[in-house]
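The following exercises concern one protein chain and its fold. Each task is followed by a solution in steps.

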Amino acid sequence: MLRIPLVVMGLIALLWSPVAAANSPEGENPSPEPLTVLVFGDSLSAAYGMRESAGWPALLEERLAEREREWEVENVSISGDTTAGGRSRLPDVLERTGPALVILALGGNDGLRGLPPAAMRENLEAMVEAIEATGAETLLLGIRIPPNYGRRYTERFEAVYADLAEARGLAFEPFFLEDILLEDGMLMDDGIHPSEAAQPHLLDAVWSRLEPMVKAAEAGQPPCNGDG
């Protein structure tokens with residue numbers, strides 16, 4: 001019978017111990033935790049009327065998967081949501097997801113319902129403050145509404161986004177649907193919601209602002225404002 005010296009058995013046991021695993025090269029350099037992008041919006045971000053995998057947030061996750069650092073996309077957008085609804089549900093979502101970056105894309109339903117722009121501003125700013133309190137950064141997506149609401153209302157509505165972005169120093173995309181509105185096949189029959197064919201274009205509009213923020217988060221640097 002082969003006898004294994006006790007000293008050899010001791011070395012084998014040490015090599016397989018949890019302490020040895022923790023001190024191995026892999027244990028010394030564990031893979032960093034994935035970073036999370038939270039998409040917090042309404043039907044324009046909720047893959048309304050199409051497969052979830054076809055929506056621009058899902059396409060964003062595919063794009064981020066090509067990067068060396070691991071990313072996750074949490075899309076909690078709800079069709080029909082308003083800034084008031086978003087304000088009430090955001091704290092729980094932030095606690096659950098722990099995002100590094102938040103794409104805030106609410107307000108369109110406030111405008112379509114003719115809700116006061118001042119209340120919308122208050123709700124959006126409260127959400128930005130909640131995001132900043134967690135250490136995450138915000139990309140604000142603006143929206144425009146049809147002119148039949150009257151010039152005064154539409155101007156006040158659109159100004160909310162630009163004024164808030166300037167006041168808080170936010171990365172800002174004024175209207176990420178702008179490049180698709182006059183193109184055939186880019187809107188559904190309702191004339192409001194982007195079609196499946198439009199989703200890659202929406203992603204490109206968002207990505208132009210988001211990419212610098214992604215790079216900064218990966219490098220552990222203070223975020224830039226999304227303008228490059």
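**Exercise 1.** Determine which residues F40 is in contact with, leaving aside its neighbours within four places in sequence.

*Solution.* Contact means heavy atoms within 4.5 Å. Beyond the neighbours within four places, F40 is in contact with V76, S77, G86, R89, L90, V93, V102, I103, L104, A105, L106 and M127. The model is predicted: local features need pLDDT of at least 70, side-chain atom pairs count only at pLDDT 80 or more, and totals for chains, interfaces and linings use all residues. Residues are numbered from 1 along each chain as its sequence is written, and side-chain values use heavy atoms, with hydrogens and water left out.

**Exercise 2.** Explain why strand β1 (residues 35-41) is described as largely enclosed by the rest of the structure, and identify the strands with which it pairs.

*Solution.* Step one: seven of the seven residues of β1 are buried, so the strand is largely enclosed. Step two: in a regular strand the side chains alternate between the two faces of the sheet. In β1, L35, V37, V39 and G41 are buried on one side, and T36, L38 and F40 are buried on the other. Step three: two strands pair if DSSP finds at least two bridges between them. Five bridges join β1 to β2 (residues 71-75) in parallel, and L35 has W71 as its bridge partner in β2. From β1 the chain passes through helix α4 (residues 56-64) to β2 in a right-handed β-α-β crossover, meaning that, with the strands pointing away from the viewer, the path from the first strand over the helix to the second runs clockwise. β1 also pairs with β3 in the parallel sense over five bridges, where L38 stands opposite V102.

**Exercise 3.** Give the number of helices and strands in the chain, and their order.

*Solution.* The chain has nine helices and five strands. Along the sequence they follow the pattern α-α-α-β-α-β-α-β-α-α-β-α-β-α.

Conventions: Helices (H or I, at least four residues) and strands (E, at least two) are DSSP runs, numbered from the N terminus. Buried means under 20% relative accessible area, exposed over 50%, partly exposed in between (1.4 Å probe, protein chains only).
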